[in-house]
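Thanks for coming, everyone. I will walk through one structure today. Let me put it on the screen.

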Amino acid sequence: MPMRKVMKGNEAAAWAAKLAKPKVVAAFPITPSTLVPEKISEFVANGEMDAEFVKVESEHSAISACVGASAAGVRVFTATASQGLALMHEVLFIAAGMRLPIVMAIGNRSLSAPINIWNDWQDTISERDTGWLQFYAENNQEALDLILAAFKVAEDERVLLPAMTGFDAFILTHTVEPVEIPDQELVDEFLGEYEPKHAYIDPKRPITQGALGFPAHYAESRYKVWEAMENAKEVIKEVFAEFEKKFGRKYQMIEEYKTDDAEIILVTMGSLAGTVKEFVDKKREEGIKIGAAKITVYRPFPIEEIRALAKKTKVLALLEKDISFGIGGAVYADVGRALINEKEKPIVLDFILGLGGRDVTFENLDEVIEISKKALKGEKVEEVSWIGLRKEIL
Amino acid sequence: MAESPFKEEIERVEKEYSEKMTPGAIVYIPGSSVINKTGSWRVFMPEFNRDKCVRCYLCYIYCPEPAIYLDEENYPVFDYDYCKGCGICANECPTKAIEMVREVK
């Protein structure tokens, strides 16, 4: 029988790691993710987890140790956030290029400066080009589930790419919620052993990993990563279907909520999706036809799903806790890519909000709806709006 | 030139080598430099004067590649397929029997 426990998001991530049985965990503490390796080290010390826990002197070393361990052919897990993830940056490309299916939990946190330990998505969003799969969890249960799913997708032979699962700093990492812990037996069945056919150490089969790639070979190697990321779209759907069959919880690349007759659809990720769904309910009671959509898988980007979503509505309003200076929110550019060559497309507006732990309130979302309605009437509005900005202190 | 001590290995690699891109660009056949001759990076090449050589083997010992073999009489032989022209051999040679000259291709 699955066990239900009340736990923080970080503990849910540690439990996911425990269930996945990685052989090596290398991690360095950072707010708000410290509790993940802390809890894992406890599991290891208690003999509940049979893993090598590697203590390192930085996040750069943590991910480097993970690359080494994964290249040796075992399942590997780590956790970090924000500056820690940024410090890992160069090694993230290496993990993807060497096709090492490392799984990492991220307590999504803002980046300095100014130094800020609270939630937004700037850390993982900034790593979107590294070749890592990206999942975003709405609650603690999803954090656990999407780490397990991440292992399964990452290790699939058609994919073989590392994966990160993000869950919002403090809103999830430090908030207790009831979480269903699946049976170990079922998880074992679901994940199986990690038995790589490409990267492992065997003296009887000497190989070179991480070799120099001349101009004659580099592009082909990068293309293989592109191809793997494309394959991941199908694999993720299969894995989510199997997950639902085994554990009873349904996941989709994009989860839609009351979108069928919606004139405006609010598109978002992570824990904000919970707020937005509640807002949709409230507005529907007032007779305003809006819907919501949650992007669960950000890399690979669900292009087809966005196209299908766009056909249902007049305005797509993207709510983003990230900013790519000089263009707008990162998701705005991605959705633009999905829709640019579509014959009919809705108005697409971008809303930057909730940065650095600022609460996203219903008043903020009302403002989003007001701007979207204006655009619907043909009035000129900003394509990228900062919502909840304290203009009086600017 | 003296026969490469890796002759058997070279023959095996030549037979099994494939340029097909593998996941992670892993090189499954060790010693693929048999095919990818790295001597092409060279700008200066060592020119050897046999008359000055005292067969001290310093060049042979210091060559980081190693791209210097010894022939039957223990004189150095330079393997230009892999020599990158670093000039360490010329620098170490006590009798100036090795001179680095600009290579014109």
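In which sense do β2(A) and strand β4 (residues 76-80) of chain A pair, and over how many bridges? They pair in the parallel sense, over two bridges. Two strands count as paired if DSSP finds at least two bridges between them. Helices (H or I, at least four residues) and strands (E, at least two) are DSSP runs, numbered from the N terminus.

Some ground rules. This is a predicted model, where local features need pLDDT of at least 70 and side-chain atom pairs count only at pLDDT 80 or more, while totals for chains, interfaces and linings use all residues. Residues are numbered from 1 along each chain as its sequence is written, and chains are lettered from A and ligands numbered from 1 in the order in which they are written.

Back to the strands. In β4(A), Val76(A) is the bridge partner of Val24(A). β2(A) also pairs with strand β3 (residues 52-55) of chain A, in the parallel sense, over four bridges. There, Ala26(A) has Val54(A) as its bridge partner in β3(A). To get from β2(A) to β3(A), the chain passes through helix α2 (residues 35-45) of chain A, and this β-α-β crossover is right-handed. Right-handed means that, with the strands pointing away from the viewer, the path from the first strand over the helix to the second runs clockwise.

Is strand β2 (residues 24-27) covered on one face or on both? Both faces are covered: Val24(A) and Ala26(A) are buried on one side, Val25(A) and Ala27(A) on the other. A residue is buried if 20 or more other C-beta atoms, placed from the backbone, lie within 10 Å of its own.

Now the domains. Chain A splits into domain 1 (3-247) and domain 2 (254-393); such bounds come from an automatic or database domain assignment. Their C-alpha centres lie 28 Å apart. Across the boundary, 29 residues of domain 1 are in contact with 19 residues of domain 2. Contact means C-beta atoms, placed from the backbone, within 7 Å. On the domain 1 side, α8(A) gives the largest share, five residues. That side has 15 nonpolar, eight polar and six charged residues. Here Ala, Val, Leu, Ile, Met, Phe, Trp, Tyr, Cys and Pro count as nonpolar, Asp, Glu, Lys and Arg as charged, and the others, Gly among them, as polar.

Next, the largest nonpolar core. A core is a set of buried Ala, Val, Leu, Ile, Met, Phe, Trp, Tyr and Cys residues joined through C-beta atoms within 7 Å. This one has 127 residues, and Ala150(A) is among those that touch the most other members. Helix α6 (residues 140-155) of chain A supplies the largest share, ten residues. Why does the core lie between the two domains of chain A? Because domain 1 (3-247) and domain 2 (254-393) both give residues to it.

Finally, chain B. It has three helices and four strands, running α-β-α-β-β-α-β from the N terminus. Of its 105 residues, 16% count as buried. Chain B is divided into domain 1 (1-36) and domain 2 (37-105), with C-alpha centres 24 Å apart.

How many residues of each chain meet? 16 residues of chain A are in contact with nine of chain B. On the chain A side, α8(A) gives the most, three residues. So much for the tour.

Terms used: Contact = placed C-beta atoms within 7 Å. Buried ≥ 20, exposed ≤ 12 C-beta atoms within 10 Å, placed from the backbone.
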